Structure formats: structure tokens, C-alpha cells
Amino acid sequence: MTKFSCCLIVVVLTLLSLSSAVTIDSRFPLSRDGVRKEVVKYNEQEWNQLRSRLDLSRIPFAFDEDSWEYGASTKEVVALIKFWRESYSWKDTVNMLNTQREQYSAVVEDMKIHFEMWRPKSGLALTKVVPLFFFHGWPGSFLECGKVASLLTQEKSSPRLQYVVFCPSLPGYGLSDAPSKPFSIPDIARVMNTLAHEVLGLDRYVVQGGDWGSMVAWKMAEAEPSRVAGIHVNFFGQGPPPTLSATIAAGIGTMLGKDSWLLALGTKCMKETAAAVEEGKKIILSETGYMHIQATKPNTVAFGLNDSPAGLLAYIFEKMHAWSHHDGDVYKRFRPREIIDNVMIYWTQQNIGSSMRLYKDYLSNVVVGEKRNKVDVPFAGAVFPGELVRPPKCWAEYDFDVKKWTLMPSGGHFAAMEEPGLLADDIHAFVVDHVQLSSPKKQAKKHATVEL
């Protein structure tokens, strides 16, 4: 055997060992039973009615129109209403979604589940194909994933590694149907695992999420650890570990603060827990009023938001301003059109009520002190400085097999929109170093065919 032949065999075996079992070609996913093309609809009459409603907006009195201290800035909301009414085109956005981004849907548990799919421009056989699911949260939508999905499929993909990114609308959000009964995070995780495996035929896949999306990713891996090859999140909502030391540290942080002398002999995790809890207490008092409303009486506020486009804009825009990482100029993070695009998804689908109902469905079933099982799936966390919750690594280590933990230099709650490059780089590094799509027993036998 020649030296060249040996090298060729090594290369082929290496490529085979990196591959997944999924076969994706130009017909996918329509080649799968039950998947159909989804078309985002534009209704001229609906658009004209919306503009009339905006003309009739009743702006509340504010003695300081520039201030965000009492909630949404009157001056900024009025300016966005003017932009929405005079300069924004929903028809252009609908055309973009239908011609530049692939929209699909499938029925799972009697609900239409919408998802967007991003594929690389070209591919080769014997390549590692990484199916990655990107899950949004509230008050976001599937639109959030566009920049990161584009970076992963166009810039990070190579002949040896290709990303295929799926961006579903959670049930009750975006273009998906709303559940007809109480539906919590474990239910959504079950639906998404069904979509991935039974509908799309994927044996192994990576999950990524922020906000509710991170919780969905967690529960998907907990339910199907043999199918979820990796978890990447940019939000961690589990809280401190239910251990005695963490409980003591959390109590000290809440009552006395992170600088209490009682922590002098504590472990690093105890000191970090006290600091995180002390900071979290401030956030709870200043930024979680919305959560208490949505976790108790979501339908009441939904009447106003579903009926008033100005009210819906103010409610969502205030969160985008408060939860993003900026120096006071929110437009350094989001273009006006991006803000209105997201609001229009909620307005046209009339699902602000069903989106908020998830808070009540989930938080009503949370059991304090409930046992948390460690998920034996490779895990990565990206902590952005403008995020509401910035937990220490030791919290995640209690629940997950943490392979990567990144403290980001910039960005906030809407990381995929604010810092898509940083997020895409972190996902890619995690996948390359820690994700194995094929099981060890089957690695040498599987390969992917990609004709994209």
C-alpha cells in the first residue's frame, strides 16, 4: 500500500467519523411526509385597518416624555408609531420571508408547527452535517434567528462541516398554532423532539436557545438525551443548585449581600451564588412586574395588547430597550424595521395572549425544591453582560455536563440580534470541539449526503 493510499484512507475514515446519519438534499424537508411549504400571508385590508388604528392612537400623558423610568418612553414610542405608519412596509417583509427565507410547517399533536430552515449554499458528500435547532423566547419570534443562522450556514459551513439550521415558532408564537389546553415547557420540548425526529427524520441534533428557548432545549435533552447531541444556551433560568451550601449562600446574598463576613470561609461557588442572588434581587424588584402579570392574569392584559397596535408596540419595545445592552441608544442594537417586524408577527397572528399564557402554564407547575436530574449531554453557556440573569458556572455544572462557558464582552437578552457574530462563533466552537453526532458504535458506518 502506498503512502498516498494510506493518507487517503485516513482522510476518508476521518470524514466518516465526523458524519451524521441524516440525509439532506435539495428536496428536503418537503420530501418528508407531513411537511408542507408555509406561505406568510399579506392582507391589504388588514394593513389599511392597522394604519387607521395607528392614526387613532391615544397617547398617555407623561410629565417626562424622554424618560424610560416609568416604562416605555413616550417620545420614542410616538416616533416609532410615526415610522410604522409612514415609512414601514409589511408587504416588503412578507415578500422577504417568502422569497429569501424558507418557511415550512407540519402538524404535531394536532397543532400546526411552523419552522424556518436555513441551508448552506453548497455541500459535499462525506461531510459532517449539523442539524441545529434555534429556539426563541418572549417577546421574540423566529425572526431572531436570521443573522446567526446565516452566519452558521454561510460563513461557518465548510466542505467538512455543514450547518442546517431550523428556527421553529414555539406553540402559541409566530406562525405556529396556539395550544387549545394548558401547555408548558416540557410539552413544547416533546413537540419539538417529535418534529426533529419523527417528522424531519433526524437521529441526532444540536439545540440552542435563549429565554424560553433555553428551557425548551434543556427539557428536550432531559427527555431525549440519546438524540440531543449538544445544548447551547445564552440564558440560564434554572437558578442556584438545591444544595445546602448554595441555599445558605443564596440566603446570605438575599439578606446581607455578597460582601457579608459570613462568606469569608465559603467556597468560590458560594461567593458567586451570593453575588448572583443579590443582583437578582434587584432585577426582580425592577424588571419582573410583567412576569407576575403574565404568570397570573395573562388574558386580562391581552385584551388591551391585542386590540391596540400602539399598546402592543410599547409593551414589546420597552422590553427590547430594557433587556438589551446599549449606552442609551437602543437603535445601535435594533433597526426600527426589526422592531416593527417582530411586533407585526404578534399583531397579524393575534397571539400576544397565547404567548404570555406560557408564563402561567409553566410557573403554575414549578415545584419549589423539586429534584433536578443532571442532563448527561454536552452543554455550553454564553453569558452576555446585558442579560437579566448572569449565573455563575457552578450553577450550570449542577444540572449539565458543562464543556464550554463563555463570558461575552457585549450583548444582552436578544443576543442573536445584538451580537450575532459572537453567538455564532461560540456555537461553532462548541460544535467543533464537543459535539458528536454519531454514536460511537455507528460512527464508522454512517455518512451524510448533502446536495444543497
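Phe 61 lies in the loop between helix 2 (44–55) and helix 3 (74–86), where helices (H or I, at least four residues) and strands (E, at least two) are DSSP runs numbered from the N terminus. The model is predicted: local features need pLDDT of at least 70 and side-chain atom pairs pLDDT 80 or more, whereas totals for chains, interfaces and linings use all residues. Residues are numbered from 1 along each chain as its sequence is written, and side-chain values use heavy atoms, without hydrogens and water.

Phe 61 counts as exposed because its relative accessibility is 75%; exposed means over 50% relative accessible area, buried under 20%, and partly exposed in between (1.4 Å probe, protein chains only). Asp 211 is placed in the loop between strand 6 (205–209) and helix 7 (212–223).

The UniProt annotation "active site", from an unreviewed entry, covers Asp 211, Tyr 359 and His 413; such annotations may be inferred rather than shown by experiment, and their positions follow the numbering used here, with feature names shortened.

A search of the whole structure finds one disulfide, defined as a pair of cysteine sulfur atoms within 2.5 Å. The S to S distance between Cys 145 and Cys 167 is 2.1 Å. The link is right-handed, with 100 degrees about the S-S bond. The two cysteines belong to distant parts of the chain, 22 residues apart, and both are buried.

| Cysteine | Location |
|---|---|
| Cys 145 | loop between strand 4 (128–135) and helix 5 (146–156) |
| Cys 167 | strand 5 (residues 161–168) |
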